[in-house]
Amino acid sequence: MPELPEVEALREYLDEHLTGRVVERVLPLAVSVLKTYDPPPTALEGQPAGAVARHGKFLALRIGELHLVTHLARAGWLCWQDALPEQPPRPGKGPLALRVTLEGGGGFDLTEAGTQKRLAVYVVHDPQEVPGIARLGPDPLAEDFDRDAFAALLAGERRQIKGVLRDQSVIAGIGNAYSDEILHAARVSPFKLASSFGEEAVTQLHAAVRGTLREAVGRAHGVAAGKLKAEKKSGLRVHGRAGEPCPVCGDTIRSVSFADSSLEYCPTCQTGGKPLADRRLSRLLK
């Protein structure tokens, strides 16, 4: 799933390539992709594109007086093309969900792989009309997201820290991959209760949140949209690397599986050398 660093890189890329261009056509191709119908997508046609904003994992493209907002979900992506095929695509064929063509040639496609269709597109007057944006917590890279603001978010939280970091209503933009990376950098167990953090641990985790995301944004800066997925994977230290040696201590990175995802961690760095229980695996072994 694209998370804050990749979405920020897409925002920068679109700001550079889209701003000032006039939208010629907006063509939805998947029934499930459009979440709003008034204004219709055709209201964007003939309008100039303005600045592109990021809200957590959402992209908001200003077009005329409206905004084309998208959330790429787990398997969605934005594919920029300097030259689009002359033949219009047929609905229901392949991963293509929506195409935006620009006057003078080129444009971009929104695609989604797999069978779970969660890619979402909205046409709104204000991005805050999108429910997912309206409920977002603070952006972890914002100037006012300081250590005290972070501590206030954790105070009284009875959930495990992994879930808190991923909760978009608490902090915007962090998903499964970067929460693993942040917790590894902070040397914290993903199962540690958020309310149990002391003053020093809060400071350490806040630094890991900011440092990990800033580093990832820096790596993604200037990378073409089509290469961002590979760049993200190459920069991850523990997420998706179960069975490999930890780059810090050399211990074997382990995984805990859930119904449709997994987390990765280093026992030596994060859990005092003790492997976490993988409940799904335990059930299979009974």
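The following legends describe close-up views of a predicted model.

**Figure 1. Packing of helix α1 against helix α6.** Helix α1 spans residues 4-17 and helix α6 spans residues 199-220. Their axes lie 9 Å apart and form an angle of about 40°. The crossing of the two helices, α1 and α6, is right-handed. On α1, the contact is made by L4, P5, E8 and A9, and on α6 by L213, A216, V217 and A220. Seven residues of this contact between α1 and α6 are nonpolar and one is charged, while no polar residue takes part.

Figure 2. Leaving aside residues up to four places away in sequence, G64 touches Q47 and P48. H125 is 61 residues from G64 along the chain, and the C-alpha atoms of this pair are separated by 9.9 Å.

**Figure 3. The largest nonpolar core and the contacts of L61.** This core has 35 residues, and L61, L68 and F108 have the most contacts inside it. Helix α1 supplies the largest share of the core, five residues. When residues up to four places away in sequence are not counted, L61 touches L14, L18, A51, V52, L66, H67, L68 and F108.

Figure 4. Another core, of 26 residues, lies apart from the largest one. Among its residues are L4, V164, V170 and I182.

Notes:
Residues numbered from 1 in each chain as written. Predicted model: local features only at pLDDT ≥ 70, side-chain atom pairs only at ≥ 80, totals over all residues. Heavy atoms only, no water. Axes fitted to C-alpha atoms, helices over the stretch in contact; angles between N-to-C directions. Helix = DSSP H or I, 4+ residues; strand = E, 2+ residues; numbered from the N terminus. Left-handed = near helix turned anticlockwise from the far one by under 90°. Contact = heavy atoms within 4.5 Å. Nonpolar A, V, L, I, M, F, W, Y, C, P; charged D, E, K, R; others polar. Core = buried A, V, L, I, M, F, W, Y, C linked by side-chain atoms within 4.5 Å. Buried < 20%, exposed > 50% of the residue type's maximum accessible area, 1.4 Å probe, protein only.
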